[in-house]
Amino acid sequence: MRTQVGIVGAGPAGLMLSHLLHLSGIESVVLEAHTRQYVEERVRAGVLEQGTVDLLVETGVGARLKRQGLLHNGIKLSFGGKRHRIDFQDLTPGRTITVYAQQEVIKDLIQARLDAGGEIHFEVSDVRLDGLDTAAPAIHFRNSRGEQKIACDFLAGCDGTYGVSRDSIPARELEVFERAYPFAWLGILAEAPPASEEPIYSHHERGFALFSMRSPQITRLYLQCAPDEDLAQWPDARIWDELCTRHAATDGWKPAVGPILQKSVIGMRSMVAEPMQFGRLFLAGDAAHVVPPTGAKGMNLAIADVRVLARALAEFYASGRKDLLDQYSATCLRRVWKVQRFSWWMTSMLHRFDTENGFDHRRQLAELDYVTGSRAASMSLAENYVGLPMEGLLAL
Ligand code: RFL
Ligand code: PHB
């Protein structure tokens, strides 16, 4: 087999890259370890920045998103028993976020690729990258027909945090920056109509809680918990009690209660691997960086990376220009670090740290008071949340 760009991973990064390349007349093959059903049902992110929505719509994969996505003009922050609104429309101005589940984006992208005759191989194993620093890189893998090899011009490592691509780069060529957090999130999906139209981030002495949603019938909620939290200790009634306690404020608002459809513990960490390229391999999305979910940025950052990469590859195939490819990592990392900063800041401001003392606690409350009380500070949160402008990117 031969293709122009070999892509490992059918997550948002890999599929969007394949879609964008196709629109520029560039062939690609996507390899995915799991089944189509598994990737289409995996519950993950839900908040799309305005720029992500615009790109999906402009490139013809936004029809269902436009019909079913829930548009939000702001978020709420609760602390000290009071709720405060950050109004994105007013502060950014005119920009919004959309709640549309990641697995729905995945379904739309897979359908678009298959309708256009795109090649996605699901359930592949033993993926191995070869010849990264030569002009003839290749991907080896195994499928139901045995050992396979795809000769490529370029490789894209879009295989998430635990994929093989990042580890294919010699360790001496990569610098990895990390921060671990001493907590995790217990996340649930519940069959209950969202009782608030906008996401609510609650700071509470028992720990952080987040209210979000997936559809007019489904609520998505999170509670700060221990990294090794035992779900068996969390019967449904305890989860709802804790959610109500942590989200309580003087307005009396409570989430609507309903059957819990899914429970999981979600780890929190920050990681950046630099540079995001080696020879003819380009890393994109979670393969290159991980953010804690508090800023709702992971999927958006994955899409932003592949936008830069697709543009650079299109330029290379159209004119032979290599400079955009050479600058890929540097271009992406400017955004990546700003988004890392924002995600770390939201996480630090809203969670309870076991090591915190009275000073830390009061400083946190002062920060929340400042963010909600100062227009300049609210504007900074809002412009990051709706998504920073794409820099260094010519129009597609
Ligand atoms: P993905 O989605 O992990 O996709 C990688 C794909 O590669 C496959 N793979 C392999 N395939 C072949 N061979 C191998 N050796 C392979 N190894 C792995 C995997 O099966 C998978 O299909 O990475 P990508 O494309 O970079 O996308 C990143 C996003 O998925 C991630 O950042 C977000 O989900 C993070 N995130 C959020 N991001 C947002 O933008 N907004 C949010 O509101 C938001 N909320 C969240 C989140 C992540 C969460 N979890 C579970 C980590 C909420 C949660 C709970
Ligand atoms: C979600 O809806 O899953 C969600 C919303 C906001 C976040 C993280 C996750 O910050």
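How many helices and strands does the secondary structure of the protein chain come to? The count is 13 helices and 22 strands. The radius of gyration is 21 Å, close to the 21 Å that the globule rule gives for 396 residues, so the chain is as compact as a globular protein of that length. This is a predicted model. A ligand, ligand 1, is surrounded by 34 residues.

**The chain as a whole**

- Along the principal axes, the C-alpha atoms fill a box of roughly 65 × 40 × 40 Å.
- Of the 396 residues, 56% are buried.
- Among contacts with a separation of 6 or more, 72% join residues 24 or more positions apart.
- The accessible surface comes to about 16,800 Å². Carbon and sulfur atoms hold 50% of that surface.

**Polar contacts to ligand 1**

- The side chain of E32 places an N or O atom 2.6 Å from an oxygen atom of ligand 1.
- P12 has a polar backbone atom 3.2 Å from an oxygen atom of the ligand.
- A nitrogen atom of ligand 1 lies 3.2 Å from a backbone N or O atom of A296.
- Taken alone, ligand 1 exposes 1,000 Å², and the protein buries 88% of that.

**The shell around ligand 1**

- Elements giving two or more residues to the shell are α1 (12–23), β17 (218–225) and α9 (298–319).
- The largest share comes from α9, with four residues.
- The closest residues are E32, R42, Q102, D286 and M299.
- By class, the shell holds 17 nonpolar, ten polar and seven charged residues.

Notes:
Residues are numbered from 1 along each chain as its sequence is written. Chains are lettered from A and ligands numbered from 1 in the order in which they are written. This is a predicted model: local features need pLDDT of at least 70, side-chain atom pairs count only at pLDDT 80 or more; totals for chains, interfaces and linings use all residues. Side-chain values use heavy atoms; hydrogens and water are left out. A residue is near a molecule or strand if one of its heavy atoms lies within 4 Å of it. A polar contact is a pair of N or O atoms within 3.5 Å; within protein, one must be able to donate a hydrogen and the other to accept it, and residues adjacent in sequence count only if both atoms are side-chain atoms. Accessible areas come from the Shrake-Rupley method with a 1.4 Å probe; for residues, only the protein chains shown count as cover. Ala, Val, Leu, Ile, Met, Phe, Trp, Tyr, Cys and Pro count as nonpolar, Asp, Glu, Lys and Arg as charged, and the others, Gly among them, as polar. The radius of gyration is taken over C-alpha atoms; the globule rule is 2.2 Å times the number of residues to the power 0.38. Buried means under 20% relative accessible area, exposed over 50%, partly exposed in between (1.4 Å probe, protein chains only). Contact means heavy atoms within 4.5 Å.
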